[in-house]
Amino acid sequence: MKRKIFIITIITLLFSASCEDFLDNPPQGYLTTASFPATAEDAILATNGVYNTLLIWNFHSGGFPILDIMSDEASKGSSPGDAIMINQFDNFTFNSSASSIQSWWSTLYQGIRRSYLVTESLSWIEMNENMRNRLSAEVKFLRAYFYFTLVRAYGDVPKVVSTSPPKKLPRSSKSEIYEEIIIPDLEFAMEYLPEKSEYNTADMGRVSKGAARGLLSKVYLFRKDFINAEKYALEVINSGQYTLDPDFAHVFSEDGENGTGSIFEIGAVTESGILYGGNQYANTISVRGTPNLGWGFGRPTWELIQFFGSDPRMDATIVFIGETIEGITVTGDLGTPDTTYTDETKVEILEIECYNQKTFMPGTEPRYSWGHNRRILRYADVLLIAAEALNENDKPVEALTYLNQVRERARGSNPSVLPDIITTNKEQLRDIILEERHRELALEGHRFWDLVRTDKAEEVLGPLGFLSGKNELMPIPANEIYISEGVIIQNPNYL
Amino acid sequence: MKLYTLKTCLRVLNKFDRNKIINTIIKSYMNILTKKFYTVLVVSFICFSGLYSQEMFITGRITATDTGESLPRANVLIKGTLRGTVSEIDGNYKIQIQPEDKILIFSYLGYESKEITIGNQTSIDVILEPVTTGLDEIVVIGYGTVRKSDLTGSVSSVRGKDLIKTSSSNPLQALQGKIAGVQIANSSGEPGADPIVRVRGVGTLNNSNPIYVVDGVIVDNISFLNSSDIYSIELLKDASATAIYGSRGANGVFIVTTKQGGSNIEPQVSFRTELSIQKLPKKLDILNGREFAMALNDINPGTINNLDAVDNFDWQDAVFKNNPLMQSYDLSVAGGSDKLNYYFGAGMNDQEGIIPKSNYRRYSIKLNTKYKAREFLNIGNSISAAYTDDDVAPNVVIAAYRAWPIDLPFDDNGDFTEVRGTGNPLAAIDITNNNTKTLRIVSNFYGELTFLKNFRLKTSYQLDYRNAKNRNFAPEYYVSATQQNSRNSLSIDFTEDRTWIWENTLTYNNEFGKNRLNAFVGYTMQQRFFESPNITVNRLIREDPIYWYFNAALTDTVQISKGLGDAFTNSMISYLFRTNYSYNNKYLFTVSLRADGSSKFNEENRFGYFPSFALGWNVTEEPFFPDNNFINNLKVRASWGVIGNEKIGWFDRFSLIGNQYGAVFGNPEGLQPGATYISTGNDDIHWENTYQTNAGIEFSTLQNQLIGEIDFYRKKTDDILVMLDIPGFYGFGSFQRVRFNAASVLNQGLEFNFTWKQQLNDFSYSVSALGATIHNEVLSIAATTPSDSVIFSGELSNGKRVTVTRIGEPIGSFFGYKIQGIFQNEAELDKYPSIYGQKVGDFIYKDTNGDGVITSDDRVILGSPIPDLIYGFAINLSYKGFSLGFDFNGQLGNEIYNGKNQTRFGIYNFEDRVKDRWQGEGSSNTEPALSSLAGNYETSEYFIESGSFFRLRTLMLSYEFPEKMMSNLGLKSIMIYFKGTNLFTLSGYSGYSPEISGSPLSSGIDQGIYPITSYYTMGLNVSF
């Protein structure tokens, strides 16, 4: 009997051992959305997390410099057989299933979602009021920038206004996105962000009042609202925060990062990997082969070289084979022909092996180019926006002041080139300003949209395959259309 | 039986009740072929026992290898006589012998008979091994054993002695071609690499690896085990057998039983050593220097002016070692007393890789003990420990494939030179210093209480512990612009992974009348903890290993980064139940149910229930079955059940925030920490369910010389957890996916296994053949989720995805363009649609949808990585001490995607098929010109090759010295053997080996695998 009780006790014990929460294992080493952000410190972390979007490879037009490639400034680049699917952006044969189209879209929305993670909790986190407003303003600036990129690239887009959008969301009109998100967000940012000079050294590179004004002027310019474009561009100019660096080449050098003319740029450190603060943007573009800085995509076109002519800025814009930059001799890639001709007669040059020098970092290993700070908004750009808007607003004399500031700096020590422009003819000046942008901002991702917004795209890019009424916009990614089951409609003339 | 012995016997019997005994004997001799044979011997023996009372005795004990327990009523017979005895209940026997008696024969139903020379011994302990094809063979199933004749499920067994036929450090490799329905692919020849194992097709889009149960402990692989320590491996295939493992059984369960000691036996010591030489079975056919120079001239005319002046360097010869060695040494001691029995094994395996710096060493220890504490209480343990020291190979296979054969590795000073392609492969080897040291301990401690005669209560505590340290050092070096490192670094990763399981089972076992009943219930708790902190130090001021631990942080040239890596805890609670019932040995019935609760799912979806039912019918036991000797045994069985798969990440239901999302600010610039979303979880996920139906037939015929087994299986997995694309505007990031229960896959096929065995005097032979067909088909994807119903995967390193998983096709089918020919002239270039940049001499991709342009919509299914048939067959011959065995295996009907040929970022060496390239109109319609690299490297059928192969997996010749000679030496046995592994392979595939596997969605893609080697082995076994 005793033994029976003993055995029954044992069995009961063995088969009943369990604790209520044995199967509850929360993640270790991670927070979940249920517990973050909760403190003022969290809010800063989450804000930095929004900036982190700018380091994601796909943020940069889906990884490859397709905006430059779609313009007349660059071709696919790299060696002939590498990533040939990028050629479809050079000749406008891409369709909605191109992976860059999808990844660019998704990454922009990723930044938008990250921004709402901050703003949704800022309202109740206990923290210093000034800090709350600054963080909110930083995040709203970035969100506006993401949306501005979306509407320029894709036109009407789904309007996501929280971290958990509805499962199905149709596209909202561009003007709704501008008027309800981009403009109010930038206005908020303008009000609450400090000026560039007001940041302490450790925070250099965070978005500033000047950045918000400058971006807003660019937004209005793109919308052909020249009155507002002029207004905000002049606010930047008159803020006294920025001057043109006298040396054009220095603007893009390592030493020129966050320089006097820098309004908004993406900070990066010389480490291969976003985890360590590196940015692969320049690595994708920079010299292939020797020095081994990158993959060499977005090769400056022969036309661009011709167009520069004697403009001294060419030397700081394009890396030629054989050139020595900051002590590093460029011999380039063995798998890329030095010269490619249009046909077997080898008379007409199609392209030569050369690279984008604006992303060049002195070094011999890929990780150096990961440290390049991509310049998003430069003072020269704002000066040219001001010039363009003033000209459109029939203030050609003022326009010339700003245009000639840019040319003067470009001229450097060579007085025989780039004479001051004196014409006040509106049409002529319009073309001259556009050409000035072409040279000053070459290979920085502006040209394609400059051509689109000035309705010059068909004229300039038509021979490359650009179709008017279609290629002004990217297609909506195929997956978005497919998954939406008809709620999201494709852009005109795309399959 | 010799006639004179019979006469003698009869004379002696005069003294007794003569008629009765004679009748018995005659009757028994009539039945000499039946099972009653031994009973007769016993009876015969009894009649002799009184006659030789003054003679000497031999005593000993008979035990079984499989259970380690003593065998009662086992027969002992003196060879050439009718004299014998049977063992007592504890396995002990005592037999009287005559001076002229030389040999004792020990036998037991269901076990192989054993002959032992008496010599001068007075005590002989014997361990009998079960007959591998016998019906009363004991088969290990989940949480228990069952007689083969009572088995209702589909279970295959492989014995330990078959495991040592293959030269390999991993016991799984020996199972290739040995079990119907399992595919074991050696995807890498790197020493210590685990093969990829698929049981009955690919049942899920997630982790499709089976589980392994080593002496009761559930583990994820068995690379820590030494083949010599394994007694048997059984594979549970159908739901009836695997459902008892519930959520972990869906991909098959391997039950590994290690060797045990025996009660009251003298220590038996065995020693085995092997020495192998490895060879590269084939080299890739790639261009030599001159051919490559000609190719260069095709690409860029005039590159090489003098073809006769180019160098020719064979990079494959340079990176692969000649005759790397593999050696192994095993020692084991098995024995036991009344109360304690033990098995102790120690092993050492040392394999050089065919690529330098990829050596592998394993030191293993195995200790199994069992102690009978009381009449009703057993306690015991099973401990395996292995320490591996693994040099991780530099990835030079692809480098040797790509390197330009016109470049030499060294300059005149002996320094590395620039090698075009992907850098200097020899330099790549030189700079590699990557090593992983792992300690793994798998143990099981248990206590077993027997009460009320039929009940057995067992509790066991199991621990699977793995501790690994990887140390990787990259020195500072400069070979060329594209092969350099200006900053040395040392990184050390630690991993601790431990799982404990507490398992309690209660078993009831009874026979009453014609009924045999076995029932058990169980309760288990399990928890796994994993962490992997790591540290990286840059800019070490000295590169010599002795200074690696110099406290570098104190100098300003050093950068240190630390990460806490990953950590997680998972737990599971399970309830188990199973009943086996058989009536009159004829009708068999099994029902089982397991409930698993896992922390990977939320509270509502936490528990999954996995039932199974099975029926069996031993037709030959029926009275109506003709009692002829043609069909000796016939059984039909059928089963149905549900099994699960929970091999998904612990985090899939959580939306996680990570803190590695910083941004760079400041002057000087620095990374400021940031945190945001890492991944998006789906809290609604629940268990995947696999519904498996199995119908089988087992038979033996022609006096049990031919035995066979045929099974039909149908395995349908529903609610497969699959990562699906979600709309980009959700903001989860590009190519981020979320896990949903949203796919369904079918696997069905036929498995067969036939063995023919015949004994002709001293010569015996056997021939066996087995195989399985697989029909794999995706039935649905994303029917109810906001996602695309097609999954593209199989990403090459250039980002191209070459597989598709979609409804109606096998999982991970190859997907790309068809080729219709080559543009022979400008007219054709104008006539057919082309892709951008294509020229004359390039492929004409087929416009399959006929819309006049080549787009991604023209891609079609090009093949499947899943074979239609996997087969193996074996021939074994033995004559006296000699035996010779051949094992073949192969597969049919799958394709391989030659990804390494497609992935070209620049100009690399070419495969020699380009020698037939297009060089002008009409010169080729299948091999494109080399002039345009752009147009011919789309994903297309050009890169598809046949994956069918036929291989002589092992050939083994052994000789066992005669026992007489051994007993004079005081030894039990000596065997020497020679064997070859992977001696030849018939395959149409151009790569090193046709065994290319991978994860379910990206399988069969060759991106440059570590070659599988051939082994030429010499071995010696000694036991005493």
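Strands here are DSSP runs of E with at least two residues, helices are runs of H or I with at least four, and both are numbered from the N terminus. Two strands pair if DSSP finds at least two bridges between them. Within that pairing, Ser276(B) has Met326(B) in S18(B) as its bridge partner.

S17(B) also pairs with strand S55 (residues 1014–1023) of chain B, in the antiparallel sense and over ten bridges. There, Gln278(B) is bridged to Tyr1015(B) in S55(B).

Before going on, a note on the source. This is a predicted model, in which local features need pLDDT of at least 70 and side-chain atom pairs count only at pLDDT 80 or more, while totals for chains, interfaces and linings use all residues. Residues are numbered from 1 along each chain as its sequence is written, and chains are lettered from A and ligands numbered from 1 in the order in which they are written.

Now chain B as a whole. It has twelve helices and 55 strands. The C-alpha trace spans about 110 × 70 × 70 Å along its principal axes. The radius of gyration of chain B, 32 Å, agrees with a compact globule, because 1024 residues would give one near 31 Å. That radius is taken over C-alpha atoms, and the globule rule is 2.2 Å times the number of residues to the power 0.38.

How much of chain B counts as buried? The figure is 46% of the 1024 residues. Buried means that 20 or more other C-beta atoms, placed from the backbone, lie within 10 Å of the residue's own; exposed means 12 or fewer, and partly exposed is in between. Of the contacts in chain B between residues at least 6 apart in sequence, 69% join residues at least 24 apart. A contact means C-beta atoms, placed from the backbone, within 7 Å.

Next, where the chains meet. 82 residues of chain A are in contact with 73 residues of chain B. On the chain A side, the elements giving two or more residues include helix H1 (2–16), helix H2 (40–52) and helix H5 (99–122). H5(A) gives the largest share, eleven residues. By class, this side has 38 nonpolar, 35 polar and nine charged residues. Nonpolar covers Ala, Val, Leu, Ile, Met, Phe, Trp, Tyr, Cys and Pro; charged covers Asp, Glu, Lys and Arg; the others, Gly among them, are polar.

Strand S1 (31–32) of chain A is also on that side. Two bridges join S1(A) to strand S32 (residues 656–658) of chain B, and the two run antiparallel. Thr32(A) stands opposite Leu656(B) in S32(B).

Last, chain A itself. It is divided into domain 1 (37–193 + 466–495), domain 2 (209–267 + 373–464) and domain 3 (275–370), with bounds from an automatic or database domain assignment. The centres of domain 1 and domain 2 of chain A, taken over C-alpha atoms, are 23 Å apart. Their contact takes 28 residues from domain 1 and 24 residues from domain 2.

One helix to finish. Helix H17 (residues 426–440) of chain A has 15 residues and reaches 20 Å from its first C-alpha to its last, close to the 21 Å expected; the expected span is 1.5 Å times one less than the number of residues. Its buried residues include Leu429(A), Ile433(A) and Arg437(A). Among the elements covering the buried residues of H17(A) are helix H15 (379–392) and helix H16 (396–411) of chain A.

Notes
Two residues are in contact if their C-beta atoms, placed from the backbone, lie within 7 Å.
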